[in-house]
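Student: I am new to this structure. Could you walk me through it?
Tutor: Gladly; here it is.

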Amino acid sequence: MRNYEKITALYERLSRDDELQGESNSIVNQKKILEEYAGKNNLSNIIHFTNDGISGTQFDRPGFMAMMNGVNQGNIIGCIIVKDMSRLGRDYLKVGQCMEILRQKGVRLIAINDNVDSFYREDDFTPFRNIMNEWYTRDTSRKIQSTFRSKGESGKHTASSPPYGYIKDEKDKDKWIVDEKAAEIVRRIFNLTMQGNGPYRIAKILESEKVDIPAYHQQKLGYGLHQSKVFEHPYRWCSSTIVSILKKQEYLGHTVNFKTRKHFKDKKSKYVSEENWLIFENTHEAIIDQETFDNVQRIRGNVKRYPDGWGEYHPLTWPYVLCRLWQ
């Protein structure tokens, strides 16, 4: 493909952290800057590749991946223009790898505000600039974590959404109130466990009765992490969901903070050991009483677990369950 037929890729990216800097980094403003530069420098056949609301530490961004696919296919993209190097990414190692791919493929890279243009010169300062871009993200992450930590240590909920069985109070977003419809299912799950049913059997019971799974129920109420998801099986409960519900101390009326943590690069939540949790008791209305919760943990503690995660009740739990039912 001849050079004048190749695509000039205009890449824009905005993350939530960048929004703090105001309008100068907005997607609209970036597009305007890139288009004006391309026009003044006779770089034609432009196509925009955009990622809005995605951190520069993540390199699985749809727009970025589509652009790099064009690079890797060869002779499709001839030039990439960004407002500055931080738009490309904020992980200096991965940005360096990306730049090396562009060099090998003969793709010109222009970062307007950083005065980078690989067609004319090698910029010795670019690697250091990439390190500073990553440092900015690391520093911002520390500040956010500090605020998050302060909120959690004050006893306020740090979870973005309340667990199944609760909703946020419209008058006070930091307060959880009982969602009675879901709370009834939570109570039933605990009662079914007390009656000797395992998570798999409970899941099948709820599925047969067409009870909405938690994510689908929360979506219908307008909250949760799956607002845009299309549920093909809205009644298909999983054993793991049942197990998770049975473990939640939040149903005792307690606030449990810092159960997970994130690294600034991948933004993925990772579970931490229970000894690092911070628990504030009696912060909201309980759905499950302490005795029932403790008895269920005792029953679950005697479960035989198999490699695939399924299990059955240990025979020694049955006398206790029968005694409990006869009381």
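Tutor: One definition comes first: buried means under 20% relative accessible area, exposed over 50%, and partly exposed in between, with a 1.4 Å probe and protein chains only. This is a predicted model, where local features need pLDDT of at least 70, side-chain atom pairs count only at pLDDT 80 or more, and totals for chains, interfaces and linings use all residues. Residues are numbered from 1 along each chain as its sequence is written, and side-chain values use heavy atoms, with hydrogens and water left out.

Student: Is N45 buried, partly exposed or exposed?
Tutor: N45 sits in the loop between helix 2 (27-40) and strand 2 (46-52). Its relative accessible area is 37%. That value lies between the 20% and 50% limits, so N45 is partly exposed.

Student: What is the phi of N45?
Tutor: Most residues other than glycine have a negative phi. N45 is not a glycine, yet its phi is positive, near 55 degrees.

Student: Is K210 buried or exposed?
Tutor: K210 is in the loop between helix 8 and helix 9 (214-221). K210 also has a positive phi, about 55 degrees, although it is not a glycine. Its relative accessibility is 58%, so K210 counts as exposed.

Student: How many helices and strands does the protein chain have?
Tutor: Helices (H or I, at least four residues) and strands (E, at least two) are DSSP runs, numbered from the N terminus. In the protein chain they come to 12 helices and 13 strands.

Student: What share of the 327 residues is buried?
Tutor: The accessible surface of the protein chain is about 19,000 Å², with 51% of it belonging to carbon and sulfur atoms. Such areas come from the Shrake-Rupley method with a 1.4 Å probe; for residues, only the protein chains shown count as cover. The buried share of the residues is 43%.

Student: At what angle do the axes of helix 7 and helix 10 cross?
Tutor: Axes are lines fitted to C-alpha atoms, for helices over the stretch in contact, and angles run from 0 to 180 degrees between N-to-C directions. The axes of helix 7 (residues 180-194) and helix 10 (residues 239-247) come within 10 Å. Their crossing angle is roughly 95 degrees.

Student: Why is helix 7 called roughly perpendicular to helix 10?
Tutor: Angles under 35 degrees count as roughly parallel, over 145 as roughly antiparallel, 65 to 115 as roughly perpendicular and the rest as oblique. The crossing is at roughly 95 degrees, which makes the two helices roughly perpendicular.

Student: Which residues of helix 10 make the contact with helix 7?
Tutor: Contact means heavy atoms within 4.5 Å. Helix 7 brings V186, I189, F190 and T193. From helix 10 come I242, I245 and L246.

Student: How far apart are the C-alpha atoms of T193 and I299?
Tutor: T193 belongs to helix 7. At 0% relative accessibility, T193 counts as buried. T193 and I299 are 106 residues apart in sequence, but C-alpha to C-alpha they are 8.1 Å apart.
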